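Visitor: I'd like to learn how to read aromatic pairs in a protein model. Could you walk me through a case?

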Amino acid sequence: MYRTGDWVYQRADGQLVYVQRQDQQVKLRGFRIELGEIERVLRGQPTIQEAVVLLREDQPGFPQLVAYIQPIAGSSLDVSLLRLSLKKQLPAYMLPAAIFPLETLPLTLGGKIDRKQLPSPDQLHLAERPLNNIPQGPLEETLAQIWKKVLRLPIVERTENFFEIGGHSLLAMQILAAPNQRLNPPVLCRSYHRRNGCLD
């Protein structure tokens, strides 16, 4: 039997009635989200050729939207500017927690995007990259260690943006509540706000 990815129900007369796509609509923190809407906005960006969005739960209890994008060959992609553009077109609950540019997106034999083969955020962060801006001083080193533990990353640079490397408000609460004898919560909070702005 061919799986179409559609949800239907069968009437008494045997007719099938279409309900919705089962692989596109997700529920996140009480909101129903059509992943296709986010993908459509991403594809509308001038530097993006293709995009796919998944709801992932790589860290148990913390589902998040992850976007994979294939930039147009030869174009210059700025993820920070892309996020600003998305904020103007999408409500906050539909904004991807992480955006990962890939040279090419994996395809099935039929030429469609193979969502099952898309790498996890952990796999992407584990890819070798130079550490250009190492944390400086005890405060930044301690914060970097906390970020790496909560975000499950091997590397955190001093110029990283918390939300651009997979963070979200619930994980931010974990960071602010992280037990550490060398830092008190107000210090963590001030540092967090200075780097990323208010939680709301």
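Guide: Let's take the overall layout and then the ring pairs. Keep in mind that this is a predicted model.

Visitor: Fine. How many helices and strands are in the protein chain?

Guide: The protein chain has 6 helices and 7 strands, and along the sequence they run β-β-β-β-α-β-β-α-β-α-α-α-α. Of its 200 residues, 38% are buried.

Visitor: Now the rings. What describes a pair of aromatic rings?

Guide: You need the distance of the centres and the angle of the planes. In this case, searching the whole structure turns up 2 aromatic pairs. One of them is Phe31 with Tyr93, a stacked pair at 4.0 Å centre to centre with 5 degrees between the planes.

Visitor: Which parts does that pair tie together?

Guide: Phe31 sits in strand S4 (residues 31-34), while Tyr93 is in the loop between helix H2 (79-89) and strand S7 (98-101), so the pair links parts 62 residues apart in sequence. Phe31 is partly exposed at 40% relative accessible area, and Tyr93 is partly exposed too, at 32%.

Visitor: And what about the rings of Tyr68 and Phe100?

Guide: Their centres are 6.2 Å apart and their planes meet at 35 degrees, so that pair counts as tilted. Tyr68 belongs to strand S6 (residues 64-71) and Phe100 to strand S7, so parts 32 residues apart in sequence are tied together.

Visitor: Is Tyr68 buried or exposed?

Guide: Tyr68 is buried, with 0% relative accessibility. Phe100 is buried as well, at 8%, because the cut-off for buried is under 20% relative accessible area.

Note on methods:
Residues are numbered from 1 along each chain as its sequence is written. This is a predicted model: local features need pLDDT of at least 70, side-chain atom pairs count only at pLDDT 80 or more; totals for chains, interfaces and linings use all residues. Side-chain values use heavy atoms; hydrogens and water are left out. Helices (H or I, at least four residues) and strands (E, at least two) are DSSP runs, numbered from the N terminus. Buried means under 20% relative accessible area, exposed over 50%, partly exposed in between (1.4 Å probe, protein chains only). Rings of Phe, Tyr and Trp (its six-membered ring) pair if their centres lie within 6.5 Å; planes under 30 degrees apart count as stacked, over 60 as edge-to-face and the rest as tilted.
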